[in-house]
Amino acid sequence: MKWFNTLSHHRWLEQETDRIFDFGKNAAVPTGFGWLGNNGQVRADMGTHLWITARMLHVYSVAAGMGRPGAYSLVDHGIRALNGALADKKHGGWYACVNDEGVVDASKQGYQHFFVLLGAASAVTTGHPEARAILSQAISVIEKYFWSEDEQMCLESWDEAFSETEAYRGGNANMHAVEAFLIVYDVTQERKWLDRALRIASVIIHDVARRGEYRVNEHFDTQWNPIRDYNKDNPAHRFRAYGGTPGHWIEWGRLMLHLHAALEARSEMPPAWLLEDAKGLFHATIRDAWAPDGADGFVYSVDWDGQPIVRERVRWPIVEAMGTAYALHCVTGEAQYESWYQTWWEYCVKYLMDYENGSWWQELDTDNKVTTKVWDGKQDIYHLLHCLVIPRLPLAPGLAPAVAAGLLDINAK
């Protein structure tokens, strides 16, 4: 049974995409985009996070490229937030969290700034008159504070004044740097962004994860040595979980295939390990995390022997799995990837999609019932684009640039 590149499946994805766009617009608040609760209303108690605001700028840049009325005004709203309440006018960069009263968290987080870079680059594709300036500002901050020329990798975080950086290196922040660098390359055509993305993937995946059966290390010291017991006493941490987070393994696989495609688009021969390791990450995720306790769903985290730690089924890993299945099918043509894609969509329709309150549930327990152990609410809709829009696009250029170039559904027949 074939779904990929069929008009009928694309129409179904389009309908769900519009449902998600409609849900997400409720997140707009005066300071940016807020944290959406399970009922689709903003949770004022959570404040306005930079990562959510930047991701929603990216999302609605894609929506604007798809010709969705109202999306461009949300792009404008996101840019105004980055120029307004979230911007640190004294020290540069952007605050991690604000609310109506002022700054809640003044730290400068790499993870969050890489989403600013992604959102700004995506906004450029809409033609917004202030998008290039925001992108230039974001590039300047990344170059000055987060890209280490000495390490040829990304730093994790700084204090408010950019005077002290953390003695920790994070795989998650570097993964999202790769994501952002690919889109920055698409809108600037500066080769250094591809080189940096390739370097990060080579260290975290090809040098380290490949030697550990593709169980990706997320936590490193300043010399890029893995810290395998990091957060052992706080295993369900939202951003720095103990052990391996299989959702990131499979997400890495898709990003490496976008990099593979970007190099091919330049008529260059990609390193063979990009595809080899993407396959390895995909199958390791299934091996360790898909239904290890008998119930369908991806567990959130596993230990270094592949045994489940946090067994809750969080939404974003399966969303990323579907995007990577599509990407691997694009590159290899192998039917197994479409089969997995269909299996995972069946799971999502059965357990995750919430037609009463909107969007998808963020977290399920081991019986696939709604729970909130790791995540409470439906924070944003960023990950959902990776199973709703990416399966209708070529792998290069990246998401917003491809949509803006009119490549959406180009292969459907």
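Trp51 is buried, with a relative accessible area of 3%. In this predicted model, Trp51 takes part in two of the ring pairs described below, one with Trp35 and one with Phe239. The structure holds 36 aromatic pairs in total.

- Phe239 is partly exposed, at a relative accessible area of 27%, whereas the corresponding value for Trp51 is 3%, which counts as buried because it falls under 20%.

**Ring cluster and charges over rings**

- A cluster linked by ring pairs comprises Phe114, Tyr145, Phe146, Trp147, Trp158, Phe162, Phe181 and Trp193.
- Trp193, a member of that cluster, has Arg196 over its face, at 4.9 Å from the ring centre.
- Arg55 is placed over the face of Phe115, also at 4.9 Å from the ring centre.

**Helix H4**

- Helix H4 (residues 110-124) contains 15 residues and spans 21 Å from its first C-alpha to its last, close to the 21 Å expected at 1.5 Å a residue.
- Of the 15 residues of H4, 15 are buried, so the helix is largely enclosed by the rest of the structure.

**A three-stranded sheet**

- Three strands make up an open sheet in the order E3-E4-E5, with antiparallel pairing.
- The edges are formed by E3 and strand E5 (102-105), each of which pairs on one side only.
- E3 is joined to strand E4 (residues 97-99) by two bridges, and these two strands run antiparallel.
- Thr48 has Val98 of E4 as its bridge partner.

**Annotated active-site residues**

- An unreviewed UniProt entry lists His248 and His383 under "active site".
- These residues are spread over 136 residues of sequence, yet they cluster in space, with a largest C-alpha distance of 11.8 Å.
- His248 is located in helix H8 and is buried, with a relative accessible area of 7%.
- Leaving aside residues up to four places away in sequence, His248 touches Asn172, Met175, Glu218 and Trp316.

**His260, a further histidine of helix H8**

- His260 lies in helix H8, the helix in which His248 is found.
- With a relative accessibility of 10%, His260 counts as buried.
- The contacts of His260, not counting residues up to four places away in sequence, are with Pro270, Pro271, Leu274 and Leu275.

Definitions and conventions:
Residues numbered from 1 in each chain as written. Predicted model: local features only at pLDDT ≥ 70, side-chain atom pairs only at ≥ 80, totals over all residues. Heavy atoms only, no water. Phe/Tyr/Trp six-rings, centres within 6.5 Å; stacked < 30°, edge-to-face > 60°. Buried < 20%, exposed > 50% of the residue type's maximum accessible area, 1.4 Å probe, protein only. Lys NZ or Arg CZ within 6 Å of the ring centre and 35° of its normal. Helix = DSSP H or I, 4+ residues; strand = E, 2+ residues; numbered from the N terminus. Expected span 1.5 Å × (residues − 1). Pairing = 2+ DSSP bridges. UniProt positions renumbered as here; feature names shortened; annotations may be inferred. Contact = heavy atoms within 4.5 Å.
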